[in-house]
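The following exercises concern the structure shown below.

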Amino acid sequence: MRGLVVAAAVVGGLLVLNAVFTGALIPGVTLSPYLLQVLCLAGINVILAVSLNLINGFTGQFSIGHAGFMAIGAYASAYVTVTFGDRIRAVVPFLPSFARESVVLLMALSVGALLAAVAGFFVGVPSLRLRGDYLAIVTLGFGEIIRVFIRNIDAVGGARGYSGIPKLANFFWIYLFAAATILVVYRIVHSSFGRTLVAIREDEIAAEAMGVHTTRAKVISFVVSSLMAGVAGGLFAHYLMYIHTNSFTFLKSIEIIIMIVIGGLGSISGSVLGAVLYISLTEGLREFAQYRMVLFSLLLIIIMIVRPQGILGHKEFVTFLTRRKFPIGQAPDISEGS
């Protein structure tokens with residue numbers, strides 16, 4: 001019951017904020033289109049960062065192909081909307097207009113997420129037997145293969161990019177899925193399966209010696225993360241209404257890794273903080289266009305020198321408000337009376 005109340009409060013709050021930002025609640029009072037877009041892109045970054053942290057932070061694997069799964073979700077969901085959108089609307093003519101558009105969006109996101117998860121499975125099964133740099137190279141190669149493959153498909157625009165995508169995603173949908181992503185990853189990490197992932201991160205050989213099926217656990221983690229990246233890609237496509245393969249290059253994967261490294265590997269709160277800080281810094285330094293990347297690089301270097309484990313490390317925001325002083329996967333010291 002408490003969970004339902006919290007969920008209803010989150011949905012209601014997001015609906016109110018969306019109405020305020022778009023001027024639907026208070027006529028004449030709106031958020032500037034630029035700030036609204038920055039907020040929405042930050043929400044998409046949160047989904048990407050939290051989902052990648054499930055692999056890189058909690059499972060201890062080094063994947064740099066997250067942009068490839070995002071691209072699959074973006075193009076697949078956009079194709080469903082553009083090609084079958086009218087047919088889906090015709091199936092539910094009794095619903096009001098906004099509800100029909102919501103059904104189309106959810107159907108498109110479901111297809112994009114499913115295909116991204118399937119791709120994650122087929123990539124994860126052979127590649128997650130590898131470790132370290134070898135895994136990074138395989139995931140990097142996969143991301144580039146997907147990008148080049150999509151660029152040669154005329155049905156989704158090819159090298160011209162895919163245009164004509166209706167704007168179905170907004171602040172409400174983006175942050176609703178961001179909240180769902182955080183909740184799912186939190187429940188995974190704080191489950192027995194999450195302990196398995198942390199055990200693999202800390203010492204994979206020891207985990208195998210204790211009977212843990214490490215490859216299966218890593219593949220499940222990879223598939224869940226890929227599914228979430230597909231959702232982020234679908235929201236990205238339906239918010240900007242135009243996508244191009246240049247938006248899903250190797251550099252996009254690096255950006256997501258930067259987010260989780262800044263916030264802290266193995267911290268959900270850190271992923272959220274890193275995603276928000278990243279877009280805030282990149283947009284805040286836009287006035288210094290000539291030196292923006294230099295200043296941003298210097299800030300990253302300073303953070304890595306002062307706080308190499310990330311701003312939050314393995315901790316969550318809640319640990320600073322409670323007496324719990326040990327990160328996930330580390331037992332308390334009973335000598336201190338914990």
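Helices (H or I, at least four residues) and strands (E, at least two) are DSSP runs, numbered from the N terminus. The model is predicted: local features need pLDDT of at least 70, side-chain atom pairs count only at pLDDT 80 or more, and totals for chains, interfaces and linings use all residues. Residues are numbered from 1 along each chain as its sequence is written, and side-chain values use heavy atoms, with hydrogens and water left out.

**Exercise 1.** Locate Met 241 and determine which residues it contacts, leaving aside its neighbours within four places in sequence.

*Solution.* Step 1: Met 241 belongs to the loop between helix H9 (214-240) and H10. Step 2: its relative accessibility is 37%, so Met 241 counts as partly exposed; buried means under 20% relative accessible area, exposed over 50%, and partly exposed in between (1.4 Å probe, protein chains only). Step 3: with those sequence neighbours set aside, Met 241 is in contact with Tyr 162, Ser 163, Gly 164, Ile 165, Pro 166 and Lys 167, where contact means heavy atoms within 4.5 Å. Step 4: the C-alpha atoms of Met 241 and Lys 167 are separated by 5.7 Å, although the two residues are 74 apart along the chain. Step 5: the charged end of Lys 167 sits over the ring of Tyr 239, 4.4 Å from the ring centre (NZ of Lys or CZ of Arg within 6 Å of the ring centre and within 35 degrees of the ring normal).

**Exercise 2.** Describe the aromatic pairs that involve Phe 248 and Tyr 75 or Phe 236.

*Solution.* Step 1: rings of Phe, Tyr and Trp (its six-membered ring) pair if their centres lie within 6.5 Å; planes under 30 degrees apart count as stacked, over 60 as edge-to-face and the rest as tilted. Step 2: the whole structure holds 11 aromatic pairs. Step 3: one of them joins Tyr 75 and Phe 248, edge-to-face, at 6.2 Å centre to centre with 65° between the planes. Tyr 75 lies in helix H3 and Phe 248 in the loop between H9 and H10, so this pair ties together parts 173 residues apart in sequence. Step 4: the ring centres of Phe 236 and Phe 248 are 5.9 Å apart and the planes stand at 75°, so this pair is edge-to-face. Phe 236 lies in helix H9, and the pair therefore ties together parts 12 residues apart in sequence. Step 5: Phe 236 counts as buried at 11% relative accessibility, and Phe 248 at 1%. Step 6: Tyr 75, Tyr 162, Phe 236 and Phe 248 form one aromatic cluster.

**Exercise 3.** Which residues have the most contacts inside the largest nonpolar core?

*Solution.* Step 1: a nonpolar core is a set of buried Ala, Val, Leu, Ile, Met, Phe, Trp, Tyr and Cys residues joined through side-chain atoms within 4.5 Å. Step 2: the largest has 87 residues, and Ile 44, Val 185, Leu 235, Ile 243 and Phe 248 have the most contacts inside it. Step 3: H2 supplies the largest share of this core, 15 residues. Step 4: beyond four places in sequence, Ile 44 contacts Met 70, Ile 174, Ala 232, Leu 235 and Phe 236.

**Exercise 4.** Which helices pack against the buried residues of H10 and H11?

*Solution.* Step 1: the buried residues of H10 pack against H2, helix H3 (66-91), H11 and H12. Step 2: those of H11 pack against helix H2 (33-59), helix H6 (171-189), helix H10 (250-263) and helix H12 (292-306). Step 3: just after H10, Gly 264 takes a positive phi of about 130°.
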